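Please look through the sequence and the model below before reading on. The paragraphs that follow move from single helices to the sheet and then to the cores.

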Amino acid sequence: MGLWEEEQICPICTRNSRYGLPHKYCHKAYGLDGLTCFWAYDGVAKKIIKKVKYRYFYDVLRELIVNSSEFRDRPEFSYLAKFLEMKPIIVPVPLNEKRYRERGFNQADVIGRAFAARHKLAFDSHLLLRTRDTGHQAGRTRAERLLALENSMKIVNCKLKIPQAILLVDDVWTTGATMSECCRVLKIAGVKRVWGLVLAR
């Protein structure tokens, strides 16, 4: 069992898109401007992420973050590299407070902090808040997930200046419903560009 690179997809229709850009016919006013996924959710990547979620060995998450130098060498990351030149603020997908208390940490927070440190970017774990527990998403269709997540996120630091660009970070992309809802809230609040980054899909 090893690590397998995952093909990039359009964040709107989820079909293949080499650079993780939305297809021209998939444009959504409040949709993600791009999505980058490092690994297939299988083998070592799946084992590490599951171990983190249920056994709390969260330091190993850093092993799945692609090194900075690789952005220059791999064409599928070229648009993410350009996005990083905008100096986006890194924001983790938030956990519900109940789930946070149970787990003791947010894995998206761990990933975001590590990525921010590696790329010398600002990090804000308090910009987004999940306002209610939406339950376990496993087994739900994308439509059911979107419905469950509707109006479950809000901007907390509303008195602060809304950033122009945000890199939204999570551990796994399943249907994209959670990240899509976060992006919708951010763009309604005035964020111009939002790119998604996940360790695995």
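Helices (runs of H or I, at least four residues) and strands (runs of E, at least two) are taken from DSSP and numbered from the N terminus, and the expected span of a helix is 1.5 Å times one less than its number of residues. Everything here describes a predicted model, in which local features need a pLDDT of at least 70 and side-chain atom pairs count only at pLDDT 80 or more, while totals for chains, interfaces and linings use all residues. Residues are numbered from 1 along each chain as its sequence is written, and side-chain values use heavy atoms, with hydrogens and water left out.

The protein has seven helices and six strands, and along the sequence they follow the pattern β-α-α-α-β-α-α-β-α-β-β-α-β. Of its 201 residues, 50% count as buried, where buried means under 20% relative accessible area, exposed means over 50%, and partly exposed lies in between, with a 1.4 Å probe and protein chains only.

Helix α5 has 13 residues and reaches 19 Å from its first C-alpha to its last, close to the 18 Å expected at 1.5 Å a residue. This helix is mostly covered, since ten of its 13 residues are buried, among them Gln 107, Asp 109 and His 119. Phe 115 is found in α5 and is buried, with a relative accessible area of 1%. Although Phe 115 and Ile 65 are 50 residues apart in sequence, their C-alpha atoms are 7.2 Å apart in space.

Helix α7, residues 177-188, can be checked in the same manner: its twelve residues should span 16 Å, and its end C-alpha atoms are 17 Å apart, which agrees. Ten of the twelve residues of α7 are buried, so the helix is largely enclosed by the rest of the structure. The buried residues of α7 include Met 179, Glu 181 and Lys 187. Just after α7, Gly 190 takes a positive phi of about 120 degrees.

We can now turn to the strands. An open sheet of four strands has the order β1-β6-β5-β2, with parallel pairing, and two strands are said to pair if DSSP finds at least two bridges between them. Strands β1 (34-39) and β2 (89-92) stand at the edges with a single partner strand each, so one side of each is left without a neighbour in the sheet. Neighbouring strands of this sheet are turned by 25 degrees against each other on average, direction ignored; axes are lines fitted to C-alpha atoms, for helices over the stretch in contact, and angles run from 0 to 180 degrees between N-to-C directions. Four bridges join β2 to the parallel strand β5, residues 165-172, and the bridge partner of Val 91 in β5 is Leu 168. Helix α5 packs on the sheet, touching β1, β2, β5 and β6, and its direction makes about 125 degrees with that of β5; contact means heavy atoms within 4.5 Å.

A nonpolar core is a set of buried Ala, Val, Leu, Ile, Met, Phe, Trp, Tyr and Cys residues joined through side-chain atoms within 4.5 Å. The largest such core has 25 residues, and those with the most contacts inside it are Phe 38, Phe 115 and Leu 167. At least two residues of this core come from each of β1, α1, α3, α5, β5 and β6. Leaving aside its neighbours within four places in sequence, Leu 167 is in contact with residues including Leu 80, Val 91, Phe 115 and Trp 195.
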